[in-house]
Amino acid sequence: MKSLVENLLVINHPVLQHNLTVLRNKNTSSELFRNAARRIAQILLINATDNIPLETVNIETPLVQSKANIIDTKAEVIIAPILRAGLAFSGVASDILPTARVHHVGLYRDETTLKPVSYYNNLPDELNNPDRTFVYLLDPMLATGGSAVAAIKLFTDLNIPQGNIRFICLISAPEGIKKLQSVFSEVKIITACVDEKLNNIGYILPGLGDAGDRTFNTVY
Ligand code: PRP
Ligand code: URA
């Protein structure tokens with residue numbers, strides 16, 4: 001089941017719900033956390049990539065000549081995991097889109113100010129064909145929205161239309177959705193659920209804790 005409200009697509013699938021519960025449970029090990037995140041990522045990515053353009057080619061099946069569709073060879077597809085936690089989705093995204101470019105975006109959230117701090121990206125200074133470039137940003141958590149906005153800006157600065165950019169996350173907070181949509185109203189958010197709110201230190205409630213730490217077993 002899907003619900004779409006103004007560029008917010010919430011995918012409500014039983015497999016996804018089950019695996020979200022695995023992620024939320026504080027007793028889930030990092031290994032099982034990563035497995036559950038990958039299963040959810042598959043469902044989200046299949047839905048998020050429904051805007052990739054196709055082209056028609058002539059092929060021969062074992063029986064006849066036929067016309068068939070392939071992903072448009074003139075389209076540039078970029079997968080952009082936001083470090084660290086977005087890496088949990090990256091392998092799944094490359095499996096689904098094997099010819100995509102993968103551009104890692106290094107951002108962390110300052111614990112006091114909650115503002116994003118940029119530490120890495122390897123994007124080019126300009127793109128040959130921004131109108132034909134399709135970007136899939138991957139980050140499990142949309143909390144205040146600061147990291148999402150900073151990451152999206154890297155791509156709009158390269159003249160990629162907002163409508164070609166999609167933000168894929170496991171859990172989103174109403175505050176983050178509002179912030180992202182107030183800055184980039186045409187960027188579509190694809191998420192597994194919208195939680196209640198942020199707590200006073202910017203964590204999503206009920207949430208799953210720190211996604212990066214839980215993915216990489218760095219909870220102390
Ligand atoms: C987490 C998460 C997002 C960000 C969301 O990353 O993966 O990138 O916080 O918060 P925001 O919406 O308030 O910006 P974090 O800064 O913890 O870095 P990490 O993935 O390296 O742990
Ligand atoms: N980042 C996380 O990893 N978890 C939250 O709840 C908020 C931001």
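Hi everyone, let's start with the cysteines: this structure holds zero disulfides, a disulfide being a pair of cysteine sulfur atoms within 2.5 Å. Cys-169 is in none, and the nearest cysteine sulfur, that of Cys-193, sits 8.5 Å away. Cys-193 is likewise in no disulfide, with the sulfur of Cys-169 as its nearest cysteine sulfur. Cys-169 is buried, at a relative accessible area of 0%, and Cys-193 is buried too, at 11%. For that term, buried means under 20% relative accessible area, exposed means over 50%, and partly exposed is in between, using a 1.4 Å probe and protein chains only.

A word on what you are looking at. This is a predicted model, in which local features need pLDDT of at least 70 and side-chain atom pairs count only at pLDDT 80 or more, while totals for chains, interfaces and linings use all residues. Residues are numbered from 1 along each chain as its sequence is written, chains are lettered from A and ligands numbered from 1 in the order in which they are written, and side-chain values use heavy atoms, leaving out hydrogens and water.

Now the overall picture. The protein chain has six helices and 14 strands; these are DSSP runs numbered from the N terminus, with helices being H or I of at least four residues and strands E of at least two. Its radius of gyration is 18 Å, close to the 17 Å that the globule rule gives for 220 residues, so the chain is as compact as a globular protein of that length. Here the radius is taken over C-alpha atoms, and the rule is 2.2 Å times the number of residues to the power 0.38. The C-alpha trace spans about 60 × 40 × 30 Å along its principal axes.

How much of the chain is buried? Of the 220 residues, 46% count as buried. As for contacts, meaning heavy atoms within 4.5 Å, residues 24 or more positions apart account for 63% of those with a separation of 6 or more.

Let me zoom in on helix α3, which covers residues 87-96 and includes Ser-94. Ser-94 is partly exposed, at 26% relative accessibility. Leaving aside residues up to four places away in sequence, Ser-94 touches Ile-79 and Val-102. The buried residues of α3 are Ala-88, Phe-89, Ser-90, Val-92 and Ala-93. What do those buried residues pack against? Their partners are α2 (30-48), β5 (76-83), β6 (101-102), β9 (133-138), β11 (165-172) and α6 (211-216).

On to the backbone. Most residues other than glycine have a negative phi, and most peptide bonds are trans. So where are the cis bonds here? One joins Leu-83 and Arg-84, with omega about -5°, and Arg-84 lies in the loop between β5 and α3. Another cis bond joins Leu-205 and Pro-206, with omega about 0°. Pro-206 is in the loop between β14 (204-205) and α6.

Finally, a look at phi. Asn-7 has a positive phi of about 65° although it is not a glycine. This residue lies in the loop between β1 (2-5) and β2 (8-11), and Asn-7 is partly exposed at 27%. Asn-217, also not a glycine, has a positive phi of about 60°. It lies in the segment after α6, and Asn-217 is exposed, with a relative accessible area of 55%.
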